[in-house]
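Open the structure in your viewer and keep the selection tool at hand. The stops below say what to select and what is there.

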Amino acid sequence: MNKDIGIYIHIPFCCSKCYYCDFTSYSNKDQYISQYIDSVCNEILNNSEILCEYNIISIYIGGGTPSYIDSKYITKILDILKIFITNNNVSITIEVNPNSVTEDKMKVYKEIGINRVSVGLQSTHNEILASIGRKHTYNDFLNALKIIKKYDIKDVSVDLMYPLPGLTYKLLDETLDTVISIKDEYNIHHVSIYNLEVHENTKLDFLLKEGFVKLIDEDEEFEMKENIKNKLESNNLHRYEISNYCEKGYESIHNINYWKQGIYLGFGTAASSFFTGSRYTNTKNIDDYINYYLYNDRSITVIEEKEDLDKLGSMKEYIILSLRLQDGVNIQDFYQKFKVKLLDIFNEEITKMVNYELLYKNKTNVYLTDKGKDIANIVWKEFI
Ligand code: SF4
């Protein structure tokens, strides 16, 4: 039986740049869209031999804002990928922003087999959305949900974010309450709630440094974290990964494969892959990407970063990725994969973290405690 593989497609176009955004995304390059999509199709076809030998379990179309571009482009990409799909159970997700969901697009998404939609909401408060440069409102979000429901896509995920400029405990609490109150009506079975990272050279970085906006202090942030966990978990959304909550059976297949160090190929500018023990990332330069894949300019270095993991590096990475998940590292799975015992190699690190009450260890698994989930970076450092 063929090995499983996940596929990521990067669509780097957006209507505008959010203030916190550090992703490879453009709000001023619409003239590139058609050539870019043809380049992605060529990159996929260049990998035909590999794709024929693997079982595609998930396709994740992310960005950027995939719903920003004409749906005919999404169709074009999926038509090519379908050549390589050999089972009927592929999870196909598309990321959408509330202000770019239309009936026409959603109708096409449904027809071409997209079965999961991830909606970037961030907050239900319009003044908070404006403070981070999001161009949609809460009403846009509700309209998007109505359209998604009309076209019968039954697996919806919502992205939220904290802390944000102006976001108080009360406002975040209201956002959580609102999402929870409509989740059954609109098939929201999954919530991702990300901790804001302030990246250098973003507009938010500038606004914070110049004192135009500020964020809450660590104590308030800790209270928010506690509330998020308690509120979502008491509403049937279990925390299966540090930043991800869902109803049982609605875990993200694509991301679980990533956290279990599964194989995946990423297509598009800045897309990353993990294949035959190597991690590599495509160039972030869209001109170079198009010139390489559309105009065959082989003088261009299209892979920007590449890391070949040795066995120890691979084991450490496996531990860090697995610890993100609720069940953490399964000791038997670790042995099956690496043919060495977890505790023979990492007993010292694990014992230290257990003594700090950041890790918990039983006969079968090693996993983060609640405290460990809050300060996971300290745990990661032990395994880097
Ligand atoms: S929608 Fe996403 S990718 Fe686009 S600018 Fe905003 S955060 Fe960045």
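Select β1 (3-11), α3 (71-82), β9 (264-267) and α11 (286-293): these are among the elements that cover the buried residues of helix α1. Contact here means that C-beta atoms, placed from the backbone, lie within 7 Å. Helices (H or I, at least four residues) and strands (E, at least two) are DSSP runs, numbered from the N terminus. This is a predicted model, in which local features need pLDDT of at least 70 and side-chain atom pairs count only at pLDDT 80 or more, while totals for chains, interfaces and linings use all residues. Residues are numbered from 1 along each chain as its sequence is written.

Next, select α1 itself, residues 33-46. Its buried residues (20 or more other C-beta atoms within 10 Å of their own, C-beta atoms being placed from the backbone) are Tyr 36, Ile 37, Ser 39, Val 40, Glu 43 and Ile 44. Look down the axis of α1: these residues fall within an arc of 155° (taken from the directions from the helix axis to the C-beta atoms), so they line one face of the helix.

Now go to β13 (329-330) and β14 (359-361), the edge strands of an open sheet of 3 strands with the order β13-β15-β14 and antiparallel pairing. Two strands pair if DSSP finds at least two bridges between them. β14 and β15 (residues 365-368) have 3 bridges. Select Tyr 360 to find Tyr 367 of β15 opposite.

Last, select helix α14 (residues 342-355), which lies across β13, β14 and β15.

Definitions and conventions: Two residues are in contact if their C-beta atoms, placed from the backbone, lie within 7 Å. Axes are lines fitted to C-alpha atoms, for helices over the stretch in contact, and angles run from 0 to 180 degrees between N-to-C directions. The expected span of a helix is 1.5 Å times one less than its number of residues. A residue is buried if 20 or more other C-beta atoms lie within 10 Å of its own, exposed if 12 or fewer, and partly exposed in between; C-beta atoms are placed from the backbone.
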